[in-house]
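Please take a look at the chain below. The report after it covers selected parts of the fold.

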Amino acid sequence: MYRLVQRRGIIGLFCLLFVASSVVPGWAQKDNRFEVSKNLDIFNSLLKEVEMFYVDSVDVDKTVQRGIEAMLAGLDPYTEYYPEQKTEELSLMTTGEYGGIGSLIRQRNNEGGVMIAEPTEGMPADLAGLKPGDLILAIDTIDVSKATNSRVSELLKGVPNTKMVLTIQRPGEKKPRKFEITRKQITTPQVTYYGVKNDSIGYIYLKAFTVKSAQEVKEAFLDLKKNHNIKSLVLDLRGNGGGVLEGAVQIVGMFVPKGSEVLSTKGKIKQWDRTYRTSTEPLDTVMPLAILINGGTASAAEIVSGSLQDMDRAVLVGQRSFGKGLVQAPRDLPYNGKVKITMSKYYIPSGRCIQQIDYSHRKEDGSVAAIPDSLTSVFYTSKKRPVRDGGGVRPEFEVK
C-alpha cells in the first residue's frame, strides 16, 4: 500500500492530465477520454512495479516530479507544475510580495556559500543587525554553508510572522553569531527608478508586471508631471520579462482613450476568449511617449509596447523584443498544488500575434525554431504603418 505522501505525485500528474478534459467542450472530452484513462492506468501500474521491485529504494515523489517536468517540457517553457512547497514562487510572480527577511543575498563566486549583500532599511534583516558580508552558515538546523543562492532564498522565505534562527559568520570574527529573526511581508517595488532628464524628459524604469505595477507607474508619472513639469516621457521596459496581463492593460490605459482595445486572447475554449479594453480615464493622451525595449522585453511588456505602437501612441527605441505571445493562467490541483498552464495566445490591436517560437511543430529531435521573417505577415497600425507578426515587437529606431 502506498503511503498518502507517496501518492501525491501520482494524483498531481493525474490532475495535470485531466486539467484540460475537465473544461473543454463535450466532443473533445469524448475523443480524448479513453486515451487519457488508458495512459493513466499504464502510468499508475508502471509506478507501482518500479516502487515495489526496483533493486534500490525509490523516492516516489521525486520520480513523479521528474516525470511531470519532462511531460510539461514537451509543451512549452511556461507551463509549469508547482507542488505545495513551491506555490509561494507563483504568488511572488503575481503579487511581488513574500514572507522573508528583506535583504539581497549573493553567492560568493570562488569560496562558495551565500552572504548578506544589502539589508533593506527597516526590514527584519536590518532590524536584527545583519550586515553586508555576513556569511550564512545555517538557517534553523539546516547547514547552508555550501548551498546555492536559490536554496538559501527558498529557506529564508516563509509565512510572515514565523521565526527562524540564522547562524552567520561575520568577516574578522572567529566565532559565528546567531540571530533570531521574524519574517515579515516583503513587497518588492517594480518601479525601481524614475527621474527627469534634460530638465523636461520624464524617465520611468519598470522591471516587471505584478498586481501593483500599474499603480507604481501611475504614481511615478503623476509626480513627474505635477512636480517636475515634464513635457515628454521615456518608459524603460528593457529586460522586463512581463507578468500580470491586467497590469499591462492598465498601463496602456494611462495614455490612450477609455474603451480602447488593448488585446484579445484566443485559446482552445472559445467561451474563454476575451477582449481587453481600457476601463479608466487616461492620465495623458498627447504627451510624446517613447518606450525602450530589447531582447529581454517579453510578455506583458510586449503588450504595452506593441499595443501603444499599434495605436501610434508611442515610438519604440532599442532592439527587437523577445516574442512571447502566449498567456498562462494558474489552475488549482489537489494537496494545494498548482499548474501554470498556457491557455491562449494574445493579439494586439493591429491583429498580430508576436509569438516567435512555434512550440506546436517540433523537429524530430524535439527542438523548436523561431518563425523565419520570410513567413511572417504584414499588419497595419491605426495610421496604416506596416508592422509584422511572429517575431516580437520591432522598434521604429533600432539602437544597439
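## Basis

This is a predicted model.

## Helix H7

Helix H7 spans residues 213-227 and has 15 residues. From its first C-alpha to its last it reaches 21 Å, close to the 21 Å expected at 1.5 Å a residue. Its buried residues are Ser-213, Ala-214, Glu-216, Val-217, Ala-220, Phe-221 and Leu-224. They cover an arc of only 160 degrees around the axis, which puts them on the same side of H7.

Just after H7 comes Asn-229, with a positive phi of about 55 degrees.

Tyr-193 stands opposite Tyr-205 in S11. Three residues lie between the strands of this hairpin. In the hairpin, Asn-198 takes a positive phi near 50 degrees.

## The six-stranded sheet

S10 and S11 belong to an open sheet of six strands. The order is S10-S11-S12-S15-S16-S21, and the pairing is mixed. Which strands stand at the edges? They are S10 and S21 (397-398). Each has a single partner strand, so one side of each is left without a neighbour in the sheet.

Val-317 has Phe-397 in S21 as its bridge partner. Helix H9 (residues 300-310) packs on the sheet and touches S12, S15 (289-293) and S16. The direction of H9 makes about 140 degrees with that of S15.

## Ala-125

Ala-125 is found in helix H5 (residues 124-128). Is Ala-125 buried or exposed? Buried means under 20% relative accessible area. Ala-125 has a relative accessible area of 0%, so Ala-125 is buried.

Not counting residues up to four places away in sequence, Ala-125 touches Ile-101, Gly-102, Ser-103, Pro-119 and Leu-130. Lys-345 lies 220 residues from Ala-125 along the chain. The C-alpha atoms of these two residues are separated by 42 Å.

Terms used:
Residues numbered from 1 in each chain as written. Predicted model: local features only at pLDDT ≥ 70, side-chain atom pairs only at ≥ 80, totals over all residues. Heavy atoms only, no water. Helix = DSSP H or I, 4+ residues; strand = E, 2+ residues; numbered from the N terminus. Expected span 1.5 Å × (residues − 1). Buried < 20%, exposed > 50% of the residue type's maximum accessible area, 1.4 Å probe, protein only. Arc of directions from axis to C-beta. Pairing = 2+ DSSP bridges. Contact = heavy atoms within 4.5 Å. Axes fitted to C-alpha atoms, helices over the stretch in contact; angles between N-to-C directions.
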